[in-house]
Amino acid sequence: MTFDPIIPDNLWSVRYDNCSENAFTQVFSQWTDPSWLRDFFLRNKEDLGAFFKVTNVDKAIYETIADSHMLQCLILDLAVESDLDRVFRPLEPSRFSDMLLGREKAKGESSIHPSWLRIYALKAGKSTYIVTGGAIKLTASMQEREHTLEELKKMEMVRNYLIEEGVADAEGFIDFLQAE
């Protein structure tokens, strides 16, 4: 795996082996692709209706594209301002303090209902994040569906890799990148 700068010094994204795009770019590409979204929502129609009470797939597609644009702009704007801590929160609701490469999430801000969009990242330091992926989360927990469980696995894989490489904070991450 390699790491692409999205906004140098503040926002990075994993580019997994054999992938042409990094995780940040790939997720936002999927979330604005009506064909990809239609397939996703048709496969997950029961979850969409059960948790969010949305039964119209076309409406879900429209809301996702709009929410995706807002979330991407928010993240990029805050990254430029070195203020990503305003949008990312600990993945585990019970975690109250920072930890070594803590698992974090950023949510969309749909005005219609709570957003189902999630960007997953590791926190390397104050307002410094490494995006590992993202998902449309239609259930209460990530363990309930394979696509969200896969995002947990990717986060842990990247976290373990960086820890094995001696990365403990933003400075260590930059040193690691320069040594590659």
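Author: A salt bridge here is a side-chain nitrogen of Lys or Arg within 4 Å of a carboxyl oxygen of Asp or Glu. This is a predicted model: local features need pLDDT of at least 70 and side-chain atom pairs count only at pLDDT 80 or more, while totals for chains, interfaces and linings use all residues. Residues are numbered from 1 along each chain as its sequence is written, and side-chain values use heavy atoms, with hydrogens and water left out.

Reader: How many salt bridges does the structure hold?
Author: Eleven. One of them joins the side chains of D58 and R38, at 2.6 Å from N to O.

Reader: Where do D58 and R38 sit?
Author: D58 is in helix α4 (residues 57–80) and R38 in helix α2 (residues 34–43). The pair links distant parts of the chain, 20 residues apart. Helices (H or I, at least four residues) and strands (E, at least two) are DSSP runs, numbered from the N terminus.

Reader: What about K123, which partner does it bridge to?
Author: D85, with the closest N and O atoms 3.5 Å apart. K123 lies in strand β5 (residues 117–125) and D85 in the loop between α4 and β3 (88–90), so this bridge ties together parts that are 38 residues apart in sequence. K123 counts as buried, at 14% relative accessibility.

Reader: And E156, what does it pair with?
Author: R159. Their closest N and O atoms are 3.8 Å apart. Both sit in helix α5 (residues 146–164), three residues apart, so about one helical turn separates E156 and R159. E156 is partly exposed at 27%, whereas R159 is buried at 13%. Salt bridges that share partners join E92, R103, E156 and R159 into one network.

Reader: Switching to the sheet. What is the strand order?
Author: β1-β2-β6-β5-β4-β3, six strands in an open sheet with mixed pairing. β1 (2–7) and β3 are at the edges with a single partner strand each, so one side of each has no neighbour in the sheet. On average, neighbouring strands are turned by 40° against each other, direction ignored. Two strands pair if DSSP finds at least two bridges between them.

Reader: How many bridges join β4 to β5?
Author: Six, and the two strands run antiparallel. β4 covers residues 102–107. K107 stands opposite R118 in β5.

Reader: Which strands does α4 lie across?
Author: β1, β2 (11–15), β4, β5 and β6 (128–136). Contact means heavy atoms within 4.5 Å. α4 runs at about 15° to β5. Axes are lines fitted to C-alpha atoms, for helices over the stretch in contact, and angles run from 0 to 180 degrees between N-to-C directions.

Reader: Where is D47?
Author: In helix α3 (residues 45–52). D47 counts as buried, at 13% relative accessibility. Leaving aside residues up to four places away in sequence, D47 touches F52, L138, T139 and R145.

Terms used:
Buried < 20%, exposed > 50% of the residue type's maximum accessible area, 1.4 Å probe, protein only.
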